Amino acid sequence: MVDIPPRPWPTGTPEKPEPLVTRVLAPNPSPYTFTGTQTYLVGAGDDRAVIDPGPHEAEHLQAIMDAAGDAKITAILCTHTHRDHSPAAAPLAERTGAPVMGCAKLVIADNGPRADEAFDTTYEPDRVIQDGESVEGDGWSLRAVATPGHTSNHLCFALEQSGALFTGDHVMGWSTSVIVPPDGDMGDYLASLDKLYQREDRVYYPAHGKPVEKPQQLVRSMIGHRRQRERQILRTLEQGPLSLPEFIPVMYKGLDPRLEKAAQMSVHAHLIDLERRNMVNRSDERWAAL
């Protein structure tokens with residue numbers, strides 16, 4: 001488990017990692033959100049785009065408005081619809097008149113235990129942005145990069161003026177992304193990582209954690225990490241068929257108990273991908289190598 005830095009965190013305080021980008025940290029720290037969700041404001045002229053407005057918290061909405069100052073918020077963009085990313089979109093749109101844009105609406109029925117933030121069922125985009133489409137304002141343009149995997153509707157946004165990429169939860173600055181079936185898909189996630197590896201972005205601004213200053217190096221290591229997990233699963237299955245919970249003490253020694261469900265979901269996503277590739281099968285909730 002990655003250690004969370006000690007308090008105080010810059011919650012609600014605008015920070016400027018570069019001239020066109022302002023970052024505001026939401027007050028929602030957790031084992032899955034690190035110190036909280038980072039909302040980004042893009043622009044330095046008369047208007048701003050807001051990326052991942054975050055949870056519906058009054059103090060965070062006010063912090064976004066304060067960070068915009070006299071500039072008008074003209075676009076509200078969401079990378080995906082987990083509850084730590086998009087619920088503030090509607091109240092922010094009501095306050096500013098800006099359209100909600102970005103990922104498609106997605107509602108997943110799941111009555112079982114979840115290892116990640118639940119989906120936001122209130123999200124209603126005014127415009128769904130497709131891969132390669134852009135949104136523009138005064139001195140800025142953001143182009144969508146479709147990156148399904150963490151969720152099927154996940155988008156990143158490339159700031160064409162500076163070479164920055166806002167990566168949401170696809171690539172984070174503190175941990176690997178949790179892939180939760182049925183909507184999360186490991187095969188799609190790895191393909192999206194490869195897609196980013198082929199790009200030449202200068203820096204990543206994730207929704208959680210520090211900026212990624214060497215993006216291609218990190219993406220390469222993330223792909224390697226996932227392939228290593230695949231091999232570990234197949235080696236573990238050499239002992240015989242296993243149920244999903246039985247993988248965890250073997251594969252994740254010393255894991256924080258709060259993250260056991262997340263680990264199970266990640267292994268499950270790998271197993272589904274391996275099953276599609278005819279490398280494992282399942283029977284009565286037990287998995288076996290082929």
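**Labels and the values behind them**

Mentor: Pro182 sits in the loop between strand S11 (164–168) and helix H3 (186–197). The model is predicted.

Trainee: What makes the peptide bond from Pro181 to Pro182 cis?

Mentor: Its omega is near 10°. Pro8 belongs to the segment before strand S1 (15–18).

Trainee: Why mention such bonds?

Mentor: Because most peptide bonds are trans.

Trainee: Why is Asp52 called buried?

Mentor: The relative accessible area of Asp52 is 2%. Buried means under 20%, so Asp52 qualifies.

Trainee: Which other feature of Asp52 deserves a note?

Mentor: Asp52 is not a glycine, yet its phi is positive, about 55°. Most residues other than glycine have a negative phi. Asp52 lies in the loop between S4 and H1; S4 covers residues 47–51 and H1 covers 58–68.

Trainee: Is Asn278 buried or exposed, and how do you know?

Mentor: Asn278 has a relative accessible area of 61%. Exposed means over 50%, so Asn278 is exposed. Asn278 also has a positive phi, about 60°, without being a glycine. It is found in the loop between helix H6 (260–276) and strand S14 (280–283).

Trainee: Which residues of helix H2 are buried, and what covers them?

Mentor: In H2 (residues 89–96), the buried residues are Ala89, Pro91, Leu92, Ala93 and Thr96. Their cover includes strand S4, helix H1, strand S5 (72–78) and strand S6 (100–102). Contact means heavy atoms within 4.5 Å. After H2 comes Gly97, with a positive phi near 80°.

Trainee: How many helices and strands does the chain have?

Mentor: The chain has six helices and 15 strands.

Trainee: What makes the chain as compact as a globular protein of that length?

Mentor: The radius of gyration is 19 Å, and the globule rule gives 19 Å for 290 residues. The two values are close, so the label holds. The C-alpha atoms fill a box of roughly 65 × 35 × 35 Å along the principal axes.

Trainee: What share of the residues is buried?

Mentor: Buried residues make up 54% of the 290. Of the contacts between residues at least 6 apart in sequence, 61% join residues at least 24 apart.

Technical notes: Residues are numbered from 1 along each chain as its sequence is written. This is a predicted model: local features need pLDDT of at least 70, side-chain atom pairs count only at pLDDT 80 or more; totals for chains, interfaces and linings use all residues. Side-chain values use heavy atoms; hydrogens and water are left out. Helices (H or I, at least four residues) and strands (E, at least two) are DSSP runs, numbered from the N terminus. The radius of gyration is taken over C-alpha atoms; the globule rule is 2.2 Å times the number of residues to the power 0.38. Buried means under 20% relative accessible area, exposed over 50%, partly exposed in between (1.4 Å probe, protein chains only).
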